[in-house]
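My notes follow in the order in which I took them.

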Amino acid sequence: MRANDGTTRAIDLEPGPAGVIIGRLAEHAEIVIPDAQVSRAHCRLRPSEEGWVVEDLGSRNGTWLNGQRVQRAVVMPGDRLRIGSCVLHLEAAEDPDPLLGAQIAGYAFESLIGRGRFGAVYRGLQLALRRPVALKVLSPEQARNPERVRAFLAEARRMGALNHPHVVQVHDIVTAGEHYFIVMELMAGSLGEVLDREGALPEARVRAVLHHIAQALAYAASQRLVHRDVKPDNILFDEAGTYKLADLGIAETIAADGKAHQQRIVGSPLYVAPEQAAGQDLDVRADLYALGATAFHLLAGRPVFEGSPSELVQAHLHRPAPDVRSVARGVSLGMAQIVARLLRKRPEERYASAEELLRALERLEHPRLPLRRTGASGVLGPRHRRR
C-alpha cells in the first residue's frame, strides 16, 4: 500500500481467510493508522471468491472507496481507499505488467496511471511526435469478448468525433493484434484525486470547474448527447488549470423528441439525478444535477448524501439537499443558490440548459450587471446598452 503522504509500506494481504483489520490501535488491528479520525477497528480487508473485499466495521467516519462511502465492496488494483485522513493506493503484487516498457503501433507504454473493471490507463509516448499521451487499454479478458470489443471501439469512435476545449480529446484508436487501446491527451489528474488529497476546495476554484464543465455540457447537448456520469473522477485537469470532461463515450444519444431514452441505468449513486435513478428519459438537466452534486462535494469535502448505494438513490429521489453553507465554510450566498437550483428534484426547476447556468455564473462574477428578459422562455441575461 502507498499512503497519500508518499510513504510506501508493503502489507501482506494473505494471512488467512479472515483477512486483516485496519484501525487506530494495535490491540484491535493488524494494520495501524495513528489518526484520530480512524476507529479502533475501522475496516477489514479479506479474500473472497470475488477477489479482495473491504468491509466497514461500524467506523465513525466511514470507509471510502474511490470517493464513495461503502459498507462492503470489491477492491481492485489502482483503487483509492480512504480511511480517516489517510488515502491508501492499492497495488497488486503480481507478475510484471507485460505492457510496461512495450512499444506497440508507434506508442511506448511508460507507467501505469490506473486500473479499472474493463482495463487500464497508462502514461505513454507517441514516438513519431514525441508527444506524451494517455493510453486507455482494454483488458486481455475483455479483449476476448467480441461484444465488449465492439462496445469499446464504438465508445472510442464517439469520443474521437468530439472536439471541444473542455472535453478530453481522443487522438487515435489502435487495434494491434490482441491489443485494443484509445490514445487520449494526457491530463495532470482528476478532481476525485484532489478531493481525496485535499478535501474541500475554495469557492473560486469550484466556480472555475463549473464554468468549464458547463461549457462541455453545452457542447455535448449541441451534439445531442447526455453524459450520464458527471462526477469528480470524470473531471480532469491539465497543468494550466483547465478542467475537462472525460468518458463522453458512454453518453446516451438524445432522440428526435429531445430526450435520451435509457437502455440501462448508469451513473454513480453519489451524484445521480432523481429522474435518472428512476429510469426515466433524460436531457441535459440530469447532467446539471450531477454537476450540482459534484460542486456540493467539492465545496463541502463530503457528498450531498451518504450511505449505501440503495440509500443514496432513495435520498436523491426523496430527500431535499441540504444548504451547502450548512456543511461548508466561506461559501457565498450566490454560489449556494446556484448549487441549490442545480439540485432541485424536478428537472423543470433546475436551469433549463448549460448556457443558462453559464449566465448565472457570469452574474455571480459580475453582480452589478443589469438584467433583462429575453424571449418567451423568460431567461434572464445581461442588458446591453446602446451606443
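I start with a term: buried means under 20% relative accessible area, exposed over 50%, and partly exposed in between, with a 1.4 Å probe and protein chains only. The model is predicted, so I note that local features need pLDDT of at least 70, side-chain atom pairs count only at pLDDT 80 or more, and totals for chains, interfaces and linings use all residues. Residues are numbered from 1 along each chain as its sequence is written, and side-chain values use heavy atoms, with hydrogens and water left out.

**Entry 1: salt bridges**

I looked up salt bridges, where a side-chain nitrogen of Lys or Arg is within 4 Å of a carboxyl oxygen of Asp or Glu. I got a count of 22 salt bridges by this rule.

I began with Lys259 and Asp283, which form a salt bridge with their closest N and O atoms 3.2 Å apart. Lys259 lies in the loop between strand S21 (252-253) and helix H5 (274-277), and Asp283 in the loop between H5 and helix H6 (284-300), so the pair ties together parts that are 24 residues apart in sequence. Is Lys259 buried or partly exposed? Lys259 has a relative accessible area of 26%, so I wrote down partly exposed. Asp283 has 14%, so I wrote down buried.

Next I took Glu365 and Arg207, whose side chains meet in a salt bridge at 3.1 Å, N to O. This pair links distant parts of the chain, with Glu365 in helix H9 (residues 354-365) and Arg207 in helix H4 (residues 203-222), 158 residues apart. Glu365 is partly exposed because its relative accessible area is 43%. Arg207 is buried because its value is 18%.

Glu275 sits in helix H5 and Arg350 in the loop between helix H8 (333-342) and H9, 75 residues apart, so I noted another link between distant parts of the chain. Both Glu275 and Arg350 are buried.

I also found a network of salt bridges that links Arg44, Arg46 and Glu55.

**Entry 2: Ser39**

Where is Ser39? I found Ser39 in the loop between strand S3 (31-32) and strand S4 (43-48). Ser39 counts as buried because its relative accessibility is 10%. I then listed its contacts, meaning heavy atoms within 4.5 Å. Leaving aside neighbours within four places in sequence, Ser39 is in contact with Gly23, Arg24, Ser59 and Arg60. A polar atom of the Ser39 side chain lies 3.0 Å from the backbone nitrogen of Arg60.

**Entry 3: helix H3**

I listed the buried residues of helix H3 (residues 191-198): Leu191, Gly192, Val194, Leu195 and Asp196. Gly199 follows H3 and has a positive phi, near 75°.

**Entry 4: empty spaces**

Rolling a probe the size of a water molecule over the atoms shows where empty space is left. On a 1 Å grid over the protein atoms alone, a cavity is a set of points where a 1.4 Å probe fits but cannot get out, and a pocket is an open set with protein on both sides within 12 Å along at least five of seven lines; lining residues have an atom within 4 Å of a point. Grid points are joined across faces, edges and corners, and a volume is the space filled by probe spheres set on the points.

I looked at the second largest pocket, which holds about 630 Å³ of space. It is lined by 25 residues, and the closest to its centre are Arg115, Tyr122, Ser139, Pro140 and Glu141. Helix H1 (140-143) gives the most to this lining, with four residues.

I counted two cavities of 30 Å³ or more. The largest cavity has about 60 Å³ of space, and its lining includes Met159, Leu162 and Asp247. The second largest cavity has about 40 Å³. H6 supplies the largest share of its lining, three residues.

Conventions. Helix = DSSP H or I, 4+ residues; strand = E, 2+ residues; numbered from the N terminus. Polar contact = N/O pair within 3.5 Å; in protein donor to acceptor, adjacent residues only side chain to side chain.
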